[in-house]
Amino acid sequence: MAMPPRPSALGLAAVALGSLGWLVGETAGVLQVQQVALVFVLQGVVLAVIGRAAAMVIAFPLFYLYFGVPFGTFLIPPLQDVTAAFVVRALHLIGMPVHIDGIFIHIPTGSFEVAEACAGLRFLITSVALGVIFAYEFYTQLWRRLLFIALSIIVPVIANGFRATGIVLLAHYSDY
């Protein structure tokens, strides 16, 4: 309310550019491109209606909208590799004989695969999304924000490794 809206032609240009991006995504059949373009169009509409100064006041929520776009499937194979390597190292540390073949883990009582669902992608994305909000709300210094966001990436990857190790150990020491 303290900042009166001053419509911006730059917002209309952003709407046009975002619409073009959406059209490219539609033509190519790439849903993620369309979704990113839609967020860009929404940001352009806000910029066009309330102006640049007012949009800067709400810049964080406007950019946070990108977390609504599903992404990250390209991270699944590396996360599977990291999880498998973590499990193997953890099993070595407790003295269990283990062999790894890509994402397949072999122990004396059975074999395990670090499946796509066990890569921890959903856990990672949720942690980063919440970490970004927390960092923005509770820290003012950029280095603290970045450190917190980095930890919101590292901690769930490590936690997923412990979770997968626990599953392997549970299967090894139980009758299932």
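User: Which residues line the largest cavity?
Analyst: Keep in mind that this is a predicted model. The structure holds one cavity of 30 Å³ or more, and H5 and H7 each supply at least two residues of the lining of the largest cavity. The residues around this largest cavity are Leu79, Val82, Thr83, Ala119, Gly120, Leu124, Pro156, Val157 and Asn160.

User: And what volume does the largest cavity have?
Analyst: By class, its lining has six nonpolar, three polar and no charged residues. As for the space inside, the largest cavity comes to about 40 Å³.

User: Is the crossing of H5 and H7 left-handed or right-handed?
Analyst: Here's where they touch: Leu79, Val82, Thr83, Phe86, Val87, Ala90 and Leu91 in H5 meet a set in H7 that includes Val157, Asn160 and Phe162. As H5 passes H7, the crossing is right-handed.

User: Over to the other pair, H1 and H2. How do they run relative to each other, roughly parallel or roughly antiparallel?
Analyst: Helix H1 spans residues 9-28 and helix H2 spans residues 31-50, with axes that come within 7 Å and cross at roughly 165°. An angle over 145 degrees counts as roughly antiparallel, so H1 is, relative to H2, roughly antiparallel.

User: How many charged residues are in the contact of H1 with H2?
Analyst: The crossing of H1 and H2 is left-handed. On the H1 side the contact includes Leu10, Trp22 and Glu26, and on the H2 side Val33, Phe40 and Ala48 are among the partners. Sorted by class, the contact has 13 nonpolar residues, seven polar and, for charged, one.

User: Which helix gives the most to the lining of the largest pocket?
Analyst: The largest pocket has a volume of about 250 Å³, and 13 residues line it, with Gln43, Leu47, Ala55, Leu62 and Phe63 nearest its centre. H1, H2, H3 (52-57) and H4 (59-64) each supply at least two residues of that lining. With four residues, the top contributor is H2.

User: How many nonpolar residues does the lining of the largest pocket have?
Analyst: Two of the lining residues are polar and one is charged. The nonpolar ones number 10.

Terms used:
Residues numbered from 1 in each chain as written. Predicted model: local features only at pLDDT ≥ 70, side-chain atom pairs only at ≥ 80, totals over all residues. Heavy atoms only, no water. Axes fitted to C-alpha atoms, helices over the stretch in contact; angles between N-to-C directions. Parallel < 35°, antiparallel > 145°, perpendicular 65-115°, else oblique. Left-handed = near helix turned anticlockwise from the far one by under 90°. Contact = heavy atoms within 4.5 Å. Nonpolar A, V, L, I, M, F, W, Y, C, P; charged D, E, K, R; others polar. 1 Å grid on protein atoms, 1.4 Å probe; cavity = no way out; pocket = protein on both sides within 12 Å on 5 of 7 lines; lining within 4 Å. Points joined across faces, edges and corners; volume = space filled by probe spheres on them.
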